[in-house]
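Q: Please take one part of this model and go through it closely. I would like to follow it on screen, residue by residue where that helps.

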Amino acid sequence: MLNHYPWWKNLLVTLVVAIGFVYALPNLYGEDPAVQVSATRGAEVQASDLDTIRNVLDENSIEYRSVAFEDSLLLVRLRNESDQLPVRDLLAESLGNDYVVALNLAAATPGWLEALGAGPLKLGLDLRGGVHFLMEIDMDAAMEKTMEGMVQDFRSVLREEKIRYSGVRIQGDKVVIRFRNEEALKQAERFLTRTYRDYEIVESSVADTLRLDVSMTEEFLKQTRDYAVQQNITILRNRVNELGVAEPLVQRQGAERIVVQLPGVQDTARAKEILGATATLEFRQVDNNADPRDALQGRVPVGSQLARRADGSPVVLRNQVILTGDHIVGAQSGFDEYSRPQVNISLDAQGGTKMANFTRDAIGEPMATLFIEYKPTGEEDENGRAILERHEEVINVATIQARLGRSFRITGIDSPAEAQNLALLLRAGALIAPIQIVEERTVGPSLGQENIDKGFMAIVGGLIALLIFMPLYYRKFGLVANIALVANVGVIIGVMSMIPGATLTLPGMAGIVLTVGMAVDANVLIFERIREELNEGRSPQQAIHYGYSNALSTISDANITTLITAFILFAIGTGAIKGFAVTLMIGIATSMFTAIVGTRVVVNLVWGGKRIDKLSI
Amino acid sequence: MFYIFRPKGVVPFMAHRKLFIGLSVVLMLASIATLAINKINWGLDFTGGTVIEAEFSQPADLNQVREVMTEEGFPDIVAQYFGSQRQVMLRLMPREGVETTHIGDQVIEILQEQIDPQVEMRRIEFVGPAVGQELAEQGGLAIIAALGCILLYVALRFEWRMAVGAVLALAHDVIATLGLFSLLQLEFDLTVVAALLTVVGYSLNDTIVVSDRIRENFRKLRKGDAEEVIDTSLTQTFNRTIVTSLTTLLVLTSLFLLGGDMIHNFAIALLFGVLVGTHSSIYVASTLALALGIKKEDFMPKEIEKEGADQEPLI
C-alpha cells in the first residue's frame, strides 16, 4: 500500500521525539541559588561537615532546601537568593581556612529526570557571565632558561672531571663547547654522551677551532615543553580553586596555551593578579632544638622562623636557605624498591654541589621543603603596582639519609597522589616558564542575562513567523510542517542537553534560529514537489509518494554541503564559533529527521491509504 | 493551491540573463571598489586591542567620555553608543610595550571615578596582537577550506561546468557581502566569518537544487536546447527558491530585530548574503554553465543512474 508506515516505524519516530523532549525538560526547571564548599589543597570535605553546616544554618535560622554531596562537591541549596551572600560568609567563617566557599547556581532538575541522566543545557560564558582567559606560556624564555642551565652544568661537570675547555656558550638553539686540544674534546665527548641521554652531542670543529655542539633531542624538547604546560596547568588549577569559583575550567589548548574559564567572576583584576602570582621553593633545615609548641607561643629561637604545614601544624625552620627551587631541574613521582611512593629530584650541577656540601654534615637531620607564593593583597602601592603578600607552606619534611648529590629522592610519602602532588609542586618551584594573558573576554552578569533573553526572543520570534507562514501557504500540509518544526526545536534542545561537551552560546542560539529556518526548507522542497506531481496529473497518493522520494536526493545534497561548512567551522573556530557549529550540526541532523521522516509519519497517518481526490497543499 | 508565482508555461529566464548578469557585474565591481577604497573595518578579533562596553546610569555624553579618557592617557580611544545612549562601547588599539591586560579594568575604574560612579561593566574583551593575527589567518583559512571542500564535493557530484558555475556563484555572494560590510563600515569579526560560511552553505544549497533539476531535465526532456532546458528547470524550482528564501529571511529578520546588538552584524551578513545568494543561484550559476557551453550530451553518455534509483525508497 502506498503511503503506509509499519507500526514500528511510527513508534520509533514517536519515541525519538519523546526522548528528545524528556531530555529538554530540565531546562524548564530553572536553578536553585546555592553555596558550594570544597576543600583546599590536601584536605577533604568530610561527611561530618554536613552536620556542621546544617547546625550553622539552623542557628542562624536560614531556610535551605538541602545540604548534600553532589558530584563530589558539597552543595547547600537555599530557598532565597538573598541568603546566598550571608550564607557564604557564615560558612567561610565557621569552616575556616581549609575550605573554599563559593556561590553557585545548582540546576533544580527533579530527581526522576536526574535519574535518567538528564540535566539542563550548559551555558557558555557569553550567556552566563564570567571571564575567559587565554594564557600563553613563554616557551622562548623557558628554553633560554633551560639552555642557561645547560651552560652552567657543562662548566662545572667538565671542571669536576678535569677536562680542560676554553669556553661554553649559547649559540642559537645549541650550546657550544670549545676546546684547546683534540684529546680534551674526545674525552669530553665520551663523558657527555655517557652522562646526558637527552642531549645530542655532535663534533663540529672547523679548521683549528675544536668544538662540540650540544643540542636537546626532539623528544627532550617536546618533553620540556609539555612539562612547562603541565606545570602551569597544575599551578593555575590550585590558584583557581582558591578563588572559590563554581565550575571553573583550566584546560590545555594547542601546544603552548591554556584556557581558563571562570563563570560568574566579575572582579577580573583580582582574578588576573591571583592567577599571575609567582611561586618559588626553598629547601631548609628543620631546627631540632626548638620546640614547635614554644614557637607557637612566640618563642622562636634567633636565626629560625615558624612555618606551617598545609594542615596547620607548626614546624620551626632555620632561616638559612640550603637551596632555592630554581636549581631543580626535574621532579618525578614514582615508587621505591618496596613499592612505596617516592619523589625523585634532580638538580643542576651548582645545586648538586650546594646540596652535597650541606648534607655532608647533616646526615640524620630533617630537611623541610617550603613552598612560597607571592600573592597580591588586592591593594596597590603609590606606583600602582600590586602589593604582594608572601605565603609560605611546608609541603614536606624528610630525614637526610646520606650525603646527597645532583639527584636524590624523598621517601616516606603517604600516598601516590601525594607524591604526584609534591613532584608537581617541586617542579613549580622551578617555574621554568612564565605565562602571559593573550586574550580575555569578560561578560558582566546583566549582559549575560540579556543575551539569553534576546536569543530566546529571536528563536521564539522566528518560530512564530514560520508557524504562521507555513499553514498560510501550504494549508494542512503546512500544519504538518509546523508539528515537525516544534518537534525539531524540542529535539535540538534535548540533544544539546544530552551531549556532555555541548555548550550553548549566543551564536549557538543564532544557529538554532537558522536551523529552524532551514528545517522548513526540506518541507518546502517536498511540498513543492508534491504540487508538481499533482500538476502533472498524478493521483494524490502517488503525488505524495513521488514527492517525498524525488525530493530526497536534493534535500540530502543541500544538507551535506551545510554540514561540510559546519564541520569546517567546528574544526577551525574557537569558543563561540564552535558553539554555533555544534548547534548547526545537531540542527541539520535533527531537522532532516523531523522534516523528512517526522512529517511523513503524520502525512501517512492523515492521508495514507485513503481514497482522496484533493490534497490541501 | 496558493502560489506566489504561477507562470503560464516556461518563463524565459535566460533571455534576460544579460540584464541580471550585468547587475552582478556591477555589484562585483562596486564591491571590489569599496573594498579597495574603504577597506574592511576589522573587528577586535583580528586587530587585537581592547573593547570595553559600559552601561551608565543615565545617557552618557560621548565628548565628556573622550575628554576624560584623553586626560587619563588614552587619547586614541574610540567611543560610541552601543544599542542605547546609556551603553557606550570604547575601543583601544593594541599598544606596544604597555602591560595591556589591565587596561580594561583601568578604563572602567576611570569612568567610575570621574564620570558616573554607577557605571557598570558589561563586557571587556582583550585580544593580544599575536592572537589577532592567528584568528585572522584561521578565519581566512576557514573560508578557503570551505570553498575548497565544496568545490570538491560539487565537482564529484556534478558536471564540471555546473561546478564552476556553482563555486563562482558562491564567490560572488561572499564578495558582495564583504562589499556591503566595507561600504557601511560594519565591524567584521569572527561571527561574521561564521555568517559568511553559512551564506556559502545556504547559497550552495539553493544552487544545488537548481542544478539538480537542470541535470534531471537534460536527461528527461528529449527536445529543446540547453537554454530551454535551463529555463524549464528554473521555472520549476522558482517557487521553492522564493519560498525558502522567504522563510529564511523571516527567521533572520527575527534574529536581526530581537537578537540584540551582539549578533547584529552576524544577522546583517546573513540577511544580505541570503538575498544575494538567491539571485546568484538563479542567474549566476546557470548563466555561467550556459556560457561554458553546457549541452545535453554532457549528461547523457555516461549512463549515470540517479543515486538510489534501483533501491526501494527509504520512505
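A: The walk starts at a sheet, moves to the helix on it, and then turns to the surroundings.

This is a predicted model. Start with the open sheet of eight strands. Its order is β11(A)-β12(A)-β6(A)-β21(A)-β4(B)-β1(B)-β3(B)-β2(B), and the pairing is antiparallel. Read the order across and you pass from chain A strands to chain B strands between β21(A) and β4(B). Strands of a sheet pair through backbone hydrogen bonds, either parallel or antiparallel.

Now find the edges. They are β11 (249-253) of chain A and β2 (78-82) of chain B. Each of these pairs on one side only. From one strand to the next, the twist averages 20°.

On the chain A side, look at β6 (residues 130-137) and β12 (residues 257-263). They pair in the antiparallel sense over seven bridges.

Go to the chain B end next. β2(B) pairs with β3 (residues 84-92) of chain B over five bridges, again in the antiparallel sense. Tyr81(B) has Val88(B) as its bridge partner in β3(B). The two strands form a hairpin with one residue between them. Gly83(B) sits in the turn and has a positive phi of about 90°.

Back to α13(A), which also packs against a helix of chain B. α13(A) and α8(B) lie with their axes 7 Å apart, at an angle of about 150°. Roughly antiparallel takes angles over 145 degrees, so α13(A) is roughly antiparallel to α8(B). The crossing of α13(A) past α8(B) is right-handed.

Which residues meet here? From α13(A) come Lys454(A), Met457(A), Ala458(A), Gly461(A), Gly462(A), Ala465(A), Leu466(A), Phe469(A), Met470(A), Tyr473(A) and Tyr474(A). From α8(B) come Asn239(B), Val243(B), Leu246(B), Thr247(B), Leu250(B), Val251(B), Ser254(B), Leu255(B) and Leu258(B). By type, the contact residues of α13(A) and α8(B) divide into 14 nonpolar, five polar and one charged.

Stay on α8(B) for one more residue. Thr248(B) is found in this helix, which spans residues 226-258 of chain B. Is Thr248(B) buried or exposed? Its relative accessibility is 1%. Buried means under 20%, so Thr248(B) counts as buried. Leaving aside neighbours within four places in sequence, Thr248(B) is in contact with Gly517(A), Tyr202(B) and Val274(B). One of these partners, Gly517(A), belongs to chain A.

Tyr202(B) is a contact of Thr248(B), and helix α7 (residues 190-220) of chain B is worth a look too. α7(B) packs with helix α6 (residues 160-183) of chain B. Their axes come within 9 Å and cross at roughly 145°. α6(B) passes α7(B) in a right-handed crossing. On the α6(B) side, the contact is made by Met162(B), Ala166(B), Leu170(B), Asp173(B), Val174(B), Thr177(B), Leu178(B) and Phe181(B). On the α7(B) side are Val192(B), Leu196(B), Val199(B), Val200(B), Ser203(B), Leu204(B), Thr207(B), Ser211(B) and Ile214(B). These residues of α6(B) and α7(B) divide into 12 nonpolar, four polar and one charged.

β16(A) and β17 (residues 341-347) pair over seven bridges. Phe335(A) stands opposite Pro341(A) in β17(A).

The other pairing joins β9 (residues 199-203) and β10 (residues 210-216) of chain A. It is antiparallel, with five bridges. Ile201(A) stands opposite Val214(A) in β10(A). The β9(A)-β10(A) hairpin has six residues between the strands, and Ala207(A) takes a positive phi near 50°.

Notes:
Residues are numbered from 1 along each chain as its sequence is written. Chains are lettered from A and ligands numbered from 1 in the order in which they are written. This is a predicted model: local features need pLDDT of at least 70, side-chain atom pairs count only at pLDDT 80 or more; totals for chains, interfaces and linings use all residues. Side-chain values use heavy atoms; hydrogens and water are left out. Axes are lines fitted to C-alpha atoms, for helices over the stretch in contact, and angles run from 0 to 180 degrees between N-to-C directions. Helices (H or I, at least four residues) and strands (E, at least two) are DSSP runs, numbered from the N terminus. A crossing is left-handed if the near helix is turned anticlockwise from the far one by less than a right angle, and right-handed if clockwise. Contact means heavy atoms within 4.5 Å. Ala, Val, Leu, Ile, Met, Phe, Trp, Tyr, Cys and Pro count as nonpolar, Asp, Glu, Lys and Arg as charged, and the others, Gly among them, as polar. Two strands pair if DSSP finds at least two bridges between them. Buried means under 20% relative accessible area, exposed over 50%, partly exposed in between (1.4 Å probe, protein chains only). Angles under 35 degrees count as roughly parallel, over 145 as roughly antiparallel, 65 to 115 as roughly perpendicular and the rest as oblique.
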